[in-house]
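This briefing covers helix packing and sheet architecture in one structure. Please read it alongside the sequence and coordinates.

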Amino acid sequence: MPKLNENYLNVQDSYLFAEIARRVSAYEESHPDKAGDIIRLGIGDVTRPLTKRAIEGLHRAVDEQTTAETFKGYGPEQGYAFVREAVADYYRRNGVEVDADDVFISDGAKSDTGNITELFAQDNVILVPDPVYPVYVDTNTMDGKKIVYMNGTEENDFLPMPDDRVKADIIYLCSPNNPTGACYNKEQLKKWVDYALKNDAVILFDSAYEAFVSEPELPRSIYAIEGAKKCAIEFCSLSKTAGFTGTRFSYTIVPKELTFAVSDGRRMSLHDMWNRRQSTKFNGTPYIIQYAAAQVLTEEGMEECMENISYYMENARVIAETLRRKNIPFTGGVNSPYIWFKCPDGMESWELFDHLLEKIQVVGTPGAGFGVNGKYHFRLTSFGTHEKTKEAMKRFEQLF
């Protein structure tokens with residue numbers, strides 16, 4: 001009889017978005033006449049098509065697969081050199097230097113933020129914000145690690161800061177934040193870097209929404225902060241930046257400077273460990289996807305992406321203006337595609353979810369799914385179409 005990983009008993013039975021899908025499906029079955037009226041502003045999937053350069057890159061790479069001379073089979077598990085260089089060039093254009101050899105190509109930031117836990121022993125203390133992207137919590141719970149929460153609240157603008165009374169080994173930060181849309185400034189991130197260096201800790205920094213940062217003084221990478229390469233791993237993705245949610249492309253940056261002492265006094269390199277892990281368990285992102293991503297990461301390619309991002313941020317503006325008119329407090333919507341607002345009329349978030357679905361057929365994401373501090377908050381995304389976003393907020397305004 002196998003001995004199972006009983007830590008799975010400590011994970012919620014249903015992943016947040018699976019529960020949302022279940023409730024919406026149940027509503028559609030019981031209200032077939034309203035199913036066509038449902039507007040989904042919950043899960044953060046995109047609606048704009050891939051950009052011209054992305055499509056051209058995909059076609060070119062597919063054509064290369066038709067002849068023996070240009071056919072590509074297994075590629076390097078770390079990613080092709082040309083796309084790792086493209087990532088480094090993209091960072092350089094944004095004022096941050098990273099070594100292309102420190103870039104590892106993958107199929108999603110969600111995958112990598114979960115898989116990275118394999119590098120760390122079970123007795124580490126994990127520090128995560130609350131509210132938080134559920135994957136950070138669930139993957140460490142599955143692994144049996146101790147999780148400590150730092151409170152994100154209205155009082156601190158949902159941007160928790162270091163507390164010297166708390167000693168953590170691994171720190172999860174996400175900026176711009178999912179779900180709250182809040183974004184750390186350089187001074188705030190410097191305090192986190194200083195805390196990590198002082199406590200010999202590592203920061204796992206999720207920058208999946210960096211392309212949505214519109215205020216130039218705000219950092220789009222943890223590596224914009226002095227000392228970060230000695231204490232931080234960064235995860236990023238083209239899912240929202242370039243609409244690759246179905247195409248799947250991400251990268252994780254693990255600087256060679258990241259070394260930590262082990263029990264016998266030797267130092268181990270997280271870069272070398274991640275390289276070994278990927279080489280063992282991952283066969284690489286498809287060549288055609290990497291080729292298209294390299295086209296997206298060019299200056300011209302990112303200009304096309306910014307057109308789509310501007311489209312989504314117009315939706316964010318519509319949502320934000322509606323909330324302002326109703327005097328409902330919120331964060332996000334400026335440097336982030338997410339709007340995080342306080343539930344009206346003292347409702348709890350799942351109560352509001354059911355209320356919006358039943359009364360106006362609008363689907364959002366209950367804040368309780370992101371942690372205790374989200375109990376009375378709610379998340380809407382700006383990834384819908386202009387037409388559906390405007391209609392959803394028209395219904396919302398009439399309801400409240």
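Predicted model: local features only at pLDDT ≥ 70, side-chain atom pairs only at ≥ 80, totals over all residues.

Residues are numbered from 1 along each chain as its sequence is written, and side-chain values use heavy atoms, with hydrogens and water left out.

**Sheet**
- An open sheet of seven strands runs in the order β2-β8-β7-β6-β5-β3-β4, with mixed pairing; strands (E, at least two residues) and helices (H or I, at least four) are DSSP runs numbered from the N terminus.
- β2 (103–106) and β4 (146–151) are the edge strands, each pairing on one side only; pairing requires at least two DSSP bridges between two strands.
- From one strand to the next, the twist averages 20 degrees.
- β3 (residues 125–130) pairs with β4 in the parallel sense over six bridges, and D130 stands opposite N151 in β4.

**Helices across the sheet**
- α3 (residues 81–93) lies across β2, β7 (232–237) and β8 (250–253), at about 115 degrees to β2; angles run from 0 to 180 degrees between N-to-C directions, and axes are lines fitted to C-alpha atoms, for helices over the stretch in contact.
- α5 (residues 134–142) lies across β3, β4, β5 (170–174) and β6 (202–206), at about 160 degrees to β4.

**Helix pair**
- α1 (residues 16–30) packs against α10 (residues 349–360) at about 35 degrees, with the axes 11 Å apart.
- In α1, L16, E19, I20, R23, V24 and Y27 meet W350, F353, D354, L357 and E358 of α10, where contact means heavy atoms within 4.5 Å.
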